[in-house]
Amino acid sequence: PVVAGGCLPFEIDYPFELQMARTLSPLFSNITINQNMKECKALVMDFDGIHTNDKLFVDQNGVESVAVSRADGLGIDILKKIGFKLLIITREENDVVLMRAKKLDIDIRKGVVDKISLLQEWAKENGLKRSEIAYVGNDINDLECMKVVGVPVAVSDAYPEIVAVARYVTDLPGGYGAVREVCDLVYNAKIEC
């Protein structure tokens with residue numbers, strides 16, 4: 001019998017079979033994720049834990065700073081060149097987030113408590129269906145958004161609740177190239193069309 005995604009079910013009775021299923025699963029999930037990414041027209045991301053490693057530096061004057069990946073910035077540029085819509089939604093209010101979005105030249109909404117409402121409003125403003133949006137999250141405040149988009153993505157160091165709803169989990173953790181990995185995934189799916 002063929003099931004959703006065109007894969008046969010795999011019964012797991014022994015630890016060896018579980019290990020075999022884990023080893024083989026990326027082969028099947030990549031097929032599905034590429035099909036879903038072909039439909040995408042937008043990438044929405046949280047900031048802390050996605051563009052950063054979720055750490056914050058505070059100096060003796062109370063000035064906050066974060067470390068980001070230059071590779072992530074190059075990935076964002078690639079998607080901008082193919083006309084992708086990009087958005088950062090963050091609960092963070094610090095201007096470091098605003099400065100990073102400004103450097104990347106992408107849309108940002110900061111200080112957002114109700115991410116799902118903002119996401120739905122932004123999608124409507126941009127004429128996007130939920131199936132056309134990929135969302136990258138790492139923590140429970142991303143959960144509602146990830147449940148409604150076409151391609152929910154978790155970074156490798158995301159909380160278990162986030163990993164559980166993700167269709168794709170990055171190999172790299174947030175702040176260390178995870179955004180670039182997602183951008184490459186989107187780009188590769190698009191050029192295969």
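Colleague: Which residues is aspartate 46 in contact with, leaving aside its neighbours within four places in sequence?
Modeller: In this predicted model, aspartate 46 is found in the loop between E1 and E2. Once its neighbours within four places in sequence are left aside, the residues in contact with aspartate 46 are His51, Ile88, Ile89, Thr90, Lys115, Tyr135, Val136, Asn138, Asn141 and Asp142.

Colleague: Is aspartate 46 buried or exposed?
Modeller: The cut-off that matters here is that a residue counts as buried when its relative accessible area is under 20%. Aspartate 46 has a relative accessible area of 5%, and therefore the residue is buried.

Colleague: Which side chain is joined to that of aspartate 46 by a polar contact of 3.2 Å?
Modeller: Lys115 is among the residues in contact with aspartate 46, and a polar contact is a pair of N or O atoms within 3.5 Å. At 3.2 Å, the polar contact joins the side chain of aspartate 46 to that of lysine 115.

Colleague: Where is threonine 52, and which backbone atom does its side chain reach at 3.0 Å?
Modeller: Threonine 52 has its place in the loop between strand E1 (42-45) and strand E2 (57-58), and with 0% relative accessibility it counts as buried. Not counting residues up to four places away in sequence, threonine 52 touches Phe47, Val66, Ala67, Val68, Gly174 and Gly175. The atom that its side chain reaches at 3.0 Å is the backbone nitrogen of glycine 49.

Colleague: What is the phi of aspartate 54?
Modeller: Most residues other than glycine have a negative phi. Aspartate 54, which is found in the loop between E1 and E2 and is partly exposed with a relative accessible area of 45%, is not a glycine and yet has a positive phi. The value for aspartate 54 is about 75 degrees.

Colleague: Is aspartate 105 buried or exposed?
Modeller: Aspartate 105 lies in the loop between helix H3 (95-104) and strand E5 (107-109), and its phi is near 60 degrees, a positive value in a residue other than glycine. A residue counts as exposed when its relative accessible area is over 50%. Aspartate 105 has a relative accessible area of 59%, so the residue is exposed.

Colleague: How many disulfides does the structure hold?
Modeller: A disulfide is a covalent bond between the sulfur atoms of two cysteines. Cysteine 40 is buried, with a relative accessible area of 0%, and cysteine 145 is buried as well, with a relative accessible area of 1%. The number of disulfides that the structure holds is 0.

Colleague: What percentage of the 193 residues in the protein chain is buried?
Modeller: The secondary structure of the protein chain comes to 7 helices and 8 strands, and the chain exposes about 10,800 Å², of which carbon and sulfur atoms supply 54%. Of its 193 residues, the buried ones make up 41%.

Colleague: Over which residues does pLDDT stay under 50?
Modeller: The mean pLDDT of the protein chain is 87, and 87% of its residues reach 70 or more. The stretch where pLDDT stays under 50, and for which the model has 6 contacts beyond four places in sequence, is residues 1-7.

Definitions and conventions. Residues numbered from 1 in each chain as written. Predicted model: local features only at pLDDT ≥ 70, side-chain atom pairs only at ≥ 80, totals over all residues. Heavy atoms only, no water. Helix = DSSP H or I, 4+ residues; strand = E, 2+ residues; numbered from the N terminus. Buried < 20%, exposed > 50% of the residue type's maximum accessible area, 1.4 Å probe, protein only. Areas by Shrake-Rupley, 256 points an atom, 1.4 Å probe, with all protein chains shown as cover. pLDDT = per-residue confidence, 0-100. Contact = heavy atoms within 4.5 Å. Disulfide = S-S within 2.5 Å. Polar contact = N/O pair within 3.5 Å; in protein donor to acceptor, adjacent residues only side chain to side chain.
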